[in-house]
Amino acid sequence: MELTLTPMTAPELARLLGPLEQGYADDLVAHRGLSPEAARKRSVDQIREALPAGAATEAALLRVGRVDDTEVGWIWVTLPPAGGSRQAWIHNIEVHPEHRGRGYARRMIQLIEVELAHLGVPELGLNVFGTNTVAIGLYRSLGFEVTSQQMAKRIAPTS
């Protein structure tokens, strides 16, 4: 059983969009200190801005990872803008919980790298929250390097 990537359809994106928006909002609450309402609004706004035409958004590679006929996860990569950066960007990669631990995320990244190489894109970047040690380990093992780092400290208000 080999994993393949297929272009995502509009119905598939519609099904995955709600959980993506909520997951990102949850991360913004946990890691950026936003209120749940503000985080949800920011999440929805940013994702809709990045995918104005949904699955048909130009320069967005939305791919579903499949093993035989079973969907195991998906990846969303944005191509670099013409005349700008030469770096594609992973916005999201997800393996469905029941399929984790089988190397599917690694394989999806490897396959998207092949697709990017065919398109002449020389670099791939991503963001990862510092507490996501499993993902950080995966990305390092695939050759990703830290190119910038943000740090934060919460300050308790005084009355």
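Author: Two strands pair if DSSP finds at least two bridges between them. In this predicted model, strand β3 (residues 70-78) and strand β4 (residues 87-95) pair in the antiparallel sense over six bridges.

Reader: Which residue stands opposite V77 there?

Author: V77 stands opposite I90, which is in β4.

Reader: And how many strands are in the sheet, and in what order?

Author: The sheet has five strands in the order β1-β2-β3-β4-β5. The sheet is open, and its pairing is mixed.

Reader: What does pairing consist of, in general?

Author: Strands of a sheet pair through backbone hydrogen bonds, either parallel or antiparallel.

Reader: Ok, helices. Where does α1 lie?

Author: Helix α1 (residues 10-32) lies across β1, β2 (60-67), β3 and β4. Relative to β3, α1 runs at about 75°.

Reader: How do the axes of α1 and α2 cross?

Author: They cross at roughly 130° and come within 8 Å, with α2 covering residues 36-50.

Reader: Why are those two called oblique?

Author: Angles over 145 degrees count as roughly antiparallel and 65 to 115 as roughly perpendicular, with the rest, apart from those under 35, as oblique. At roughly 130°, α1 and α2 are therefore oblique to each other. The crossing of α1 past α2 is right-handed.

Reader: Which residues meet between α1 and α2?

Author: From α1, the residues include L17, L20, Y24, A25, L28 and V29. Those of α2 include P36, A39, V44 and I47. The α1 side also has G18, E21 and Q22, while R40, R42, S43, Q46 and R48 are on the α2 side. By class, the contact of α1 with α2 has ten nonpolar, four polar and four charged residues.

Reader: What about α3 and α4, at what angle do they pack?

Author: At about 40°, with their axes 11 Å apart; helix α4 is residues 133-141. α3 and α4 are therefore oblique to each other. α3 passes α4 in a crossing that is right-handed.

Reader: Which residues make that contact?

Author: In the right-handed crossing of α3 past α4, the contact is made by A105, R106 and I109 of α3 with L138, Y139 and S141 of α4. Sorted by class, the contact of α3 with α4 has four nonpolar, one polar and one charged residues.

Reader: Changing topic: where is L119?

Author: L119 is in the loop between α3 (104-118) and β5 (123-126). Leaving aside neighbours within four places in sequence, L119 is in contact with L61 and L79.

Reader: How far is L119 from T6?

Author: Their C-alpha atoms are separated by 16 Å, and the two residues are 113 residues apart along the chain.

Reader: Last one. What feature does UniProt place at residues 15-159?

Author: The unreviewed UniProt entry gives "domain: N-acetyltransferase" for residues 15-159. Over residues 15-159, the chain is 39% helix and 21% strand. The end C-alpha atoms of that stretch are 45 Å apart.

How values were computed: Residues numbered from 1 in each chain as written. Predicted model: local features only at pLDDT ≥ 70, side-chain atom pairs only at ≥ 80, totals over all residues. Heavy atoms only, no water. Helix = DSSP H or I, 4+ residues; strand = E, 2+ residues; numbered from the N terminus. Contact = heavy atoms within 4.5 Å. Axes fitted to C-alpha atoms, helices over the stretch in contact; angles between N-to-C directions. UniProt positions renumbered as here; feature names shortened; annotations may be inferred. Left-handed = near helix turned anticlockwise from the far one by under 90°. Nonpolar A, V, L, I, M, F, W, Y, C, P; charged D, E, K, R; others polar.
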